[in-house]
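Let's take a look at the aromatic rings in this one. Here are the sequence and the model.

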Amino acid sequence: MSSSTSSTGTVERAFEAALYADSDAALDTGASLLAADPSSDAELARRGEEFVAGAWRRGWQPADVVRIVRRDLDDVHVQLVSALILSESQSQSRSGDHRQPRGPRWAAQLEELEAEPRAPRTDRFSYATAVLELYRLLLRLPAIEPLDIPRTGPATAAPQDTRMLTRIRALLAKAEATGFPEEAEALSAKAQELMARHSIDEALLAARTHAKDAPGACRIGVEPPYETAKAVLLDAVAGANRCRAVWNEALAFSTVVGFEPDLEAVELLYTSLLVQATAAMTKAEAAQRAGGRKRTKTFRQSFLAAYAHRIGDRLASAAEGQVTATEGELLPVLAARDVAVGDHMDRMFPETVTTRLRGVTDAAGWHEGAAAADRAQVKGRRPIP
């Protein structure tokens, strides 16, 4: 009993010294207290799990927490928080506490954390300092909009969905890796076709079986540099796939609202286009620098802005053509889904503002970005017979 009391008291004093004050001296004091008392380690870990669980109650998910820790702190903190998240998940499973709803996306985020390397144990003071720095951040995370856990379809559909998405990811990976534009176009076009069929099949199945399908939401990182242009690109991809996107600049993510198959398509296509844009920008920038240019930042900003703008036009045109060519049973189904997505977004975000692109001043960057967007491997969805 005395050991437990001692360790708890040490953690309390360390927290008072470090977590609720912003000075480096307070942090050093707290770390010194923890380093001097090895019996406090278990209590410190337990408190860490409580901080993680507190983040879940404020609307955060594992990928969100890892993303902001990676942005604001260092690799050692990412490794520490990954271990904490996995430990908290295991504790919840053992206790049978399922008050916090969790779904397939949550499980997938935990699986990604399994690959994170564990933080090396250095000297006790350095370790305690890193832990307290992490806890400071976790304690100060603001409340954000909670994400609904999507309803799952028939159990027999899950393996097929997994095979479909695996195939789409493989096609896009090959499109990004190849140095031959014709091959990339064929691969990306096939991936887009599979995305469209997957989404449409799900929509028709839900309508025919009167399934209680409803929109959900996911968060996608939109991080510096040039985050405004990246947010515009994501918004364009979301709109083309019957989703809506809301950008949180301060926390470096966009929340995408839509039906689950469409959310999956947005994640895959946005990631692929961003990879293609970055590769094209690097190549174009190298050519500009070879010609004596040195304004790297303005060139990149203008390049990505033009890329996002032109891709948006292409995707919007493809989406409009798809709707125009659609007849029969599917058209009212998609119309009803559009209304449902809009209503869901209005409930999640009753107040939003429009953000404009700024700092686009490099004509060469704009021209190169627009040309790269024209070359990007994006195909309109094929009309449904």
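Are Phe15 and Tyr135 buried or exposed? Both are buried, where buried means under 20% relative accessible area and exposed over 50%, with partly exposed in between (1.4 Å probe, protein chains only).

## About the model

This is a predicted model, so to speak of local features takes pLDDT of at least 70 and side-chain atom pairs count only at pLDDT 80 or more, while totals for chains, interfaces and linings use all residues. Residues are numbered from 1 along each chain as its sequence is written, and side-chain values use heavy atoms, with hydrogens and water left out.

## Ring pairs

The structure holds five aromatic pairs. Rings of Phe, Tyr and Trp (its six-membered ring) pair if their centres lie within 6.5 Å; planes under 30 degrees apart count as stacked, over 60 as edge-to-face and the rest as tilted. Phe15 and Tyr135 have ring centres 6.1 Å apart and planes at 75 degrees, so this pair is edge-to-face. It links distant parts of the chain, 120 residues apart: Phe15 belongs to helix α1 (residues 2-18) and Tyr135 to helix α7 (residues 124-139). Helices here are DSSP runs (H or I, at least four residues), numbered from the N terminus. Together with Phe51, Phe15 and Tyr135 form one aromatic cluster.

For Phe299 and Phe303, the centres are 6.1 Å apart and the planes at 40 degrees, so the pair is tilted. Both sit in helix α12 (residues 296-325), four residues or about one turn apart, and both are buried.

## Charges over rings

The charged end of Arg219 sits over the ring of Phe253, 5.5 Å from its centre, and that of Arg337 over the ring of Phe259, 3.9 Å from its centre. The term calls for NZ of Lys or CZ of Arg within 6 Å of the ring centre and within 35 degrees of the ring normal.

Notes. Helix = DSSP H or I, 4+ residues; strand = E, 2+ residues; numbered from the N terminus.
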